[in-house]
Amino acid sequence: MTVQQLYESIGGSYESARRILQMDKLIAKFILKFLDDKSFEQLSSSWAARDAAGTFDGAHAMKGVCANLGLDALSASASVLAEEFRPGHARAMDDDEVTRRVSALRADYEHTLEGIRAFAAAQ
């Protein structure tokens with residue numbers, strides 16, 4: 001499996017990753033490191049504890065990591081949650097809506113991890 005095939009299988013933007021990281025070797029290196037990234041875990045556990053600051057920190061970190069890797073859909077979903085919990089801004093969503101969005105993000109995140117694991121196994 002090539003890096004480009006990985007991105008096609010997970011719905012990522014190979015072009016975005018290539019624009020930032022420039023070489024497939026670097027894209028592969030950093031996409032594999034995404035398996036160890038803890039930002040989604042922070043977002044999820046913070047939301048479960050209704051810790052707004054932790055939810056923001058996890059979502060904001062995830063947004064940035066995913067944007068740099070060309071994982072545009074994950075980045076966009078995390079961005080919505082980061083903005084919801086940005087310090088100094090009023091919340092626009094109720095808790096049920098946030099829970100739905102975190103659940104949807106979890107499904108996309110797990111799909112992405114499955115694809116990356118398959119890519120790793122093929123290397």
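**Entry 1: helix α2**

Before anything else, I noted that buried means under 20% relative accessible area. I also reminded myself that I'm looking at a predicted model.

I started with α2, which covers residues 14-21. Which of its residues are buried? I found Tyr14, Ser16, Ala17 and Leu21. Looking down the axis of α2, I saw that these buried residues fall within an arc of 160°, so they line one face of the helix.

Next I asked which helices the buried residues of α2 pack against. My list reads α1 (3-10), α3 (24-33), α5 (52-68) and α6 (72-84).

I also checked what comes just after α2, and there glutamine 22 takes a positive phi of about 70°.

I stepped back to serine 13, which sits in the loop between α1 and α2. Is serine 13 buried or exposed? Its relative accessibility is 14%, so I put serine 13 down as buried. Leaving out residues up to four places away in sequence, I found serine 13 touching Tyr7, Gly70 and Asp72.

**Entry 2: α2 against α3**

Then I looked at how α2 and α3 meet. Their axes come within 9 Å and cross at roughly 105°. That angle makes α2 roughly perpendicular to α3, because 65 to 115 degrees counts as roughly perpendicular. On the α2 side, the contact is made by Tyr14, Ala17, Arg18 and Leu21. On the α3 side I wrote down Asp24, Leu26, Ile27 and Phe30.

**Entry 3: a closer look at aspartate 24**

Aspartate 24 is in helix α3. How accessible is aspartate 24? I got 30% relative accessibility, so aspartate 24 counts as partly exposed. Skipping residues up to four places away in sequence, I have aspartate 24 touching Val3, Tyr14 and Arg18.

Aspartate 24 and leucine 74 are 50 residues apart along the chain, and their C-alpha atoms are separated by 20 Å.

**Entry 4: α3 against α7**

I stayed with α3 and turned to its meeting with α7. The two axes come within 10 Å and cross at roughly 125°. The crossing of α3 past α7 is left-handed. Which residues meet here? From α3 I noted Ala28, Ile31 and Leu32, and from α7 Ile116, Phe119 and Ala120.

**Entry 5: alanine 121**

While I was at α7, I picked out alanine 121, which belongs to that helix. Alanine 121 has a relative accessible area of 68%, so I marked it exposed.

**Entry 6: helix α6**

Last stop, α6. How many residues does α6 have? I counted 13, and the helix reaches 18 Å from its first C-alpha to its last. That is close to the 18 Å expected at 1.5 Å a residue.

The buried residues in α6 are Leu74, Ser75, Ala78, Leu81, Ala82 and Glu84. Leu74 was already in my notes from the distance to aspartate 24. What do the buried residues of α6 pack against? I wrote down α4 (39-48), α5 and α7 (95-122).

Technical notes:
Residues are numbered from 1 along each chain as its sequence is written. This is a predicted model: local features need pLDDT of at least 70, side-chain atom pairs count only at pLDDT 80 or more; totals for chains, interfaces and linings use all residues. Side-chain values use heavy atoms; hydrogens and water are left out. Buried means under 20% relative accessible area, exposed over 50%, partly exposed in between (1.4 Å probe, protein chains only). Helices (H or I, at least four residues) and strands (E, at least two) are DSSP runs, numbered from the N terminus. The arc is that of the directions from the helix axis to the C-beta atoms. Contact means heavy atoms within 4.5 Å. The expected span of a helix is 1.5 Å times one less than its number of residues. Axes are lines fitted to C-alpha atoms, for helices over the stretch in contact, and angles run from 0 to 180 degrees between N-to-C directions. A crossing is left-handed if the near helix is turned anticlockwise from the far one by less than a right angle, and right-handed if clockwise. Angles under 35 degrees count as roughly parallel, over 145 as roughly antiparallel, 65 to 115 as roughly perpendicular and the rest as oblique.
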